[in-house]
Structures are given as structure tokens and as C-alpha cells.
Amino acid sequence: MQLSTKDVTYLRDQMSWSLLMAKKCNHYAQQCQDTQLAQLCQQVGQTHQAHYDMFLNQLTNLAGQAGIQGGGQQA
Amino acid sequence: MNMQQGGASGPLPQVKIGLPEQKMPQVKGPQLNDRDILNDILNDEKNLMWSLGTAANEASVDSLSEASFRALTDIHRLQRQLYNTMFNLGWYSLDAANPAVIQDDIKVFTNYRGQFPFGQGTAPGGQTLM
């Protein structure tokens, strides 16, 4: 499967947003006074971190199908 | 929830849907408090939702749009969870719709069913044909 330049741009953006949200939510979890709200922040952050891996796997798998070798992570 | 009967002309501004504020944000100053934090995250999720929607639509490969759909579903759920949390803490207050206006809408849109181009297949409130 041939990836378009747009696909790659979106994946790059999506991974950047996911990482930023994961970091931000982790930071907020530490700032929150209420433990329940801190847990919610943590949960939101973990979801975004999982999205990061999902998008990275997409990039790795699609590159693999196109025969592009890379230092990708295992699924 | 208290509903007052009123004319069909407009909303009843005095009728609120909401809970009393459970926890006042502890820090009232220039620093971010818990309420600011949740609002900021909810706002980020909203923006991400639009960006991911565009990415899902413009993907050239099915598996890519499917990945965006999955992330979108998560993000929709997170937004609900954030909203419900804030609502339960009394940080959200809404104006209740006028019941007479709702009744009018039901009447008007039930009548519009007469314009259906595909027959009267489903009753209002009935099962869908999917």
C-alpha cells in the first residue's frame, strides 16, 4: 500500500498531538488537588498514549507493506 | 428537576438544569485550579476531534481512517466522561427548555413526516429500518 504525503503528514501530526496530550494530562494529574480528578487526567493521558502507539503501528505496518525498512517497534 | 409551565414563545431563563456546586475550586487566583484543568482538557479533546475527523476523511488507506475512527470513538467517550464529571461537580449549569416549545416541535415535525419521499415505513419512536 502506497502512503500519500498527506497520510504521512497526518500521522506525524496525530502522533505529536497524542504525545503532547499524554504529557499534558500527566502534568495536570500531578497538579490536581482532587484525587478523583487526578485519576481522570491520568486515564485521559493513557488513552492518548495508546493512540500514539496505534498511529505508530499504522506507519510501521504500512511502511512494511510498501517494503520500506525502518527502525519501527514491534506490534 | 423542576419544570414550570409557560407560554410557547421562548425559553424559561429561570429554570436551570444542574447540580449545586460540590467542590469550589480550591485555588482562586492566577494559578490553574482543578476546574481550569478539566476545562482545558475538554477543550483540547474538542479540537482534536475536528482534526481527527479531517484526517479520517482524507486518509488514502482504509486502515488509516479506521485508526482515526477508533481514536475518535475514544475521544467522544472521554469528552462525555469529562462533561459528566464536571456536571456532577456542579460546574455546569444549563437552561431548561420550555416544555410547551418541545410539545410544539413534536407536533410540527410529526406533521413534516407527511413530506417523506420513501413512504411512512417507520412510526415515530419506532424501530429503524437499518
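This is a predicted model: local features need pLDDT of at least 70, side-chain atom pairs count only at pLDDT 80 or more; totals for chains, interfaces and linings use all residues.
Residues are numbered from 1 along each chain as its sequence is written, and chains are lettered from A in the order in which they are written.

Next I traced chain B. I found three helices and two strands, in the order β-α-α-β-α. Helices (H or I, at least four residues) and strands (E, at least two) are DSSP runs, numbered from the N terminus.

Then I turned to the largest nonpolar core, which has 26 residues. Such a core is a set of buried Ala, Val, Leu, Ile, Met, Phe, Trp, Tyr and Cys residues joined through C-beta atoms within 7 Å. A:Cys25, A:Tyr28, A:Cys41, A:Val44 and B:Ile41 touch the most other members. Two or more residues each come from α1 (5-31) and α2 (35-65) of chain A, and from α1 (34-58) and α2 (62-88) of chain B. I see that α1(A) gives the largest share, seven residues.

Beyond its neighbours within four places in sequence, B:Ile41 is in contact (C-beta atoms, placed from the backbone, within 7 Å) with A:Cys25, A:Tyr28, A:Cys41, A:Val44 and B:Leu82.

Last, I checked where the chains meet: 25 residues of chain A and 23 residues of chain B take part. On the chain A side, α2(A) supplies the largest share, ten residues.

Note on methods: A residue is buried if 20 or more other C-beta atoms lie within 10 Å of its own, exposed if 12 or fewer, and partly exposed in between; C-beta atoms are placed from the backbone. Two residues are in contact if their C-beta atoms, placed from the backbone, lie within 7 Å.
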